[in-house]
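Colleague: I would like to learn how to read packing in a model. Could we take it step by step?

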Amino acid sequence: MQFQKTLITIAAALAFGAASTTLFATPITTEGVGVGKHGDIRVAVTFDNGKIQKIDILKNAENPVLSKKVFTDLKDQVAAASSVQVDIVSGATFTSKGMLDAIEDAAKKAGVTLGKADKNTLNVIVKDLPKNASYDVVVIGAGGAGFSAAIEAKNAGANVVLLEKMPQVGGNSLISGAEMNVARNWVQPKLGITDDSPELHAKDTYLGGDKKGDMNVINVMTRNALAGAEWCRNYLGIRFEPDNLFFFGGHSRKRALIPVGHTGTEFITKFLAKADELGIPVITNMKAEELLKDKTGRVVGVKATMNGTEYTFNAKGGVVLATGGFGANPAMVKKYNPKIDERFKTTDAPGTTGEVLYMAQRAGAELVNMQYIQTYPICDPISGVIELIADARFDGAIMLNQEGKRFVEELGRRDVLSEAILDQTGGYCWVLWNDKIGAVS
């Protein structure tokens, strides 16, 4: 990022009389550093008469999708208010705090004391949205499923809009490893795997779900997996590792394609780019509240709210609900599976709270299989945040209990590992690996 580098040292600030910011005759720029989720965030802030005039983000290693609103909307709010006492971006807490700390650090170096925010200056410029708009298709939830539905609807000739309640898109798709199980994919022959099939993939899925799944639904997924992966690669431009696959627990073959970077960032950035290319409006901070029905009981729209203002999105062709589950709603989790109580944290994105499921139920939908909630074995034991070391077990890492003993087959299903961990002393374990494993995980 280009910026004018006009630095002033602390010693120089003292010489000018840093306690009085009005002594500076011309604007000054100082750099500040804060700690984000993935490392240092460095900013350059220009001050004039004790007020912020400009903020440049010089360096960061944050997730580009999750941090987008931080480095645009939140940054603009801070500049407008000349204060770091503003609301952080939900779902990007550590990035928000890191940037705010960096700005405050720059202010201290400039001898500037930032005050409280004037609420009148915090009005963010938002694109004018009509209170009542009509589309062919309304999609709720801007994760992988929602983007896919919106893009396919658009390519089928529909006028479509995509609504997301969080400040940023992506949901669980963004923070997941985003590996994609695909039988007979283009990488398997390179690894000598020639005996996989959609039927075997379906069998693994059925058995892995303790025979509780619907084979008709499972077969649709496994028989279309390769076409779906090719669509992602050829149409969206998603990059997969060319000579490596992931081996999930519960599967009998190594069949999961791995996106570059091993996270959903590769998917979501390409989804966003394609939606922009096709002219699909993606409206964030828009929370769906109610499904609207006509006299015949058909769903024909959505009532939603943004910052307390109500909007209506009419849907001539239908409404697609793609909001995921409810893992970030502890009360709802406990309601449907009392075994997973307050002791459990979640690896889900913060917006995965399940309100749309109840919204659908109020509109006449039947909720099924709500009790089947997956637990994830390797995460931060305090916060519940997903840990990247989890995948090390697929490369040879072992799990040890407090007595230093290996207690489970590490390649087993997630629920099996989770139950085994909870049975150990203290209800937690250690993951042990060496440099060789760390280099490939």
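**Reading the packing**

Modeller: Start with one residue. The model is predicted. Ile 55 sits in strand 3, residues 51–59.

Colleague: Is Ile 55 buried or exposed?

Modeller: Buried means under 20% relative accessible area. Ile 55 has 5% relative accessibility, so Ile 55 counts as buried.

Colleague: Which residues does Ile 55 touch, leaving aside those up to four places away in sequence?

Modeller: Ala 44, Val 45, Lys 75, Val 78, Ala 79 and Ile 103. Note also Asp 76: its C-alpha atom is 8.2 Å from that of Ile 55, and the two are 21 residues apart along the chain.

Colleague: Now the cores. Which residues have the most contacts inside the largest nonpolar core?

Modeller: The general idea comes first. In soluble globular proteins, nonpolar side chains tend to be buried together. Here the largest nonpolar core has 30 residues, and Phe 147, Val 160, Leu 257, Phe 267 and Phe 271 have the most contacts inside it. Elements giving two or more residues to this core include helix 4 (144–155), helix 8 (225–236) and helix 9 (265–278). Another core, of 25 residues, lies apart from it; Val 45 and Phe 47 are among its members.

Colleague: At what angle do helix 8 and helix 9 pack?

Modeller: About 60 degrees, with the axes 11 Å apart. Angles of 65 to 115 degrees count as roughly perpendicular. Helix 8 and helix 9 are therefore oblique to each other. The crossing is left-handed.

Colleague: Which residues make the contact?

Modeller: Helix 8 uses Trp 231, Cys 232, Tyr 235 and Leu 236; helix 9 uses Phe 267, Lys 270, Phe 271, Lys 274 and Leu 278. By class, that gives 7 nonpolar, no polar and 2 charged residues.

Terms used: Residues are numbered from 1 along each chain as its sequence is written. This is a predicted model: local features need pLDDT of at least 70, side-chain atom pairs count only at pLDDT 80 or more; totals for chains, interfaces and linings use all residues. Side-chain values use heavy atoms; hydrogens and water are left out. Helices (H or I, at least four residues) and strands (E, at least two) are DSSP runs, numbered from the N terminus. Buried means under 20% relative accessible area, exposed over 50%, partly exposed in between (1.4 Å probe, protein chains only). Contact means heavy atoms within 4.5 Å. A nonpolar core is a set of buried Ala, Val, Leu, Ile, Met, Phe, Trp, Tyr and Cys residues joined through side-chain atoms within 4.5 Å. Axes are lines fitted to C-alpha atoms, for helices over the stretch in contact, and angles run from 0 to 180 degrees between N-to-C directions. Angles under 35 degrees count as roughly parallel, over 145 as roughly antiparallel, 65 to 115 as roughly perpendicular and the rest as oblique. A crossing is left-handed if the near helix is turned anticlockwise from the far one by less than a right angle, and right-handed if clockwise. Ala, Val, Leu, Ile, Met, Phe, Trp, Tyr, Cys and Pro count as nonpolar, Asp, Glu, Lys and Arg as charged, and the others, Gly among them, as polar.
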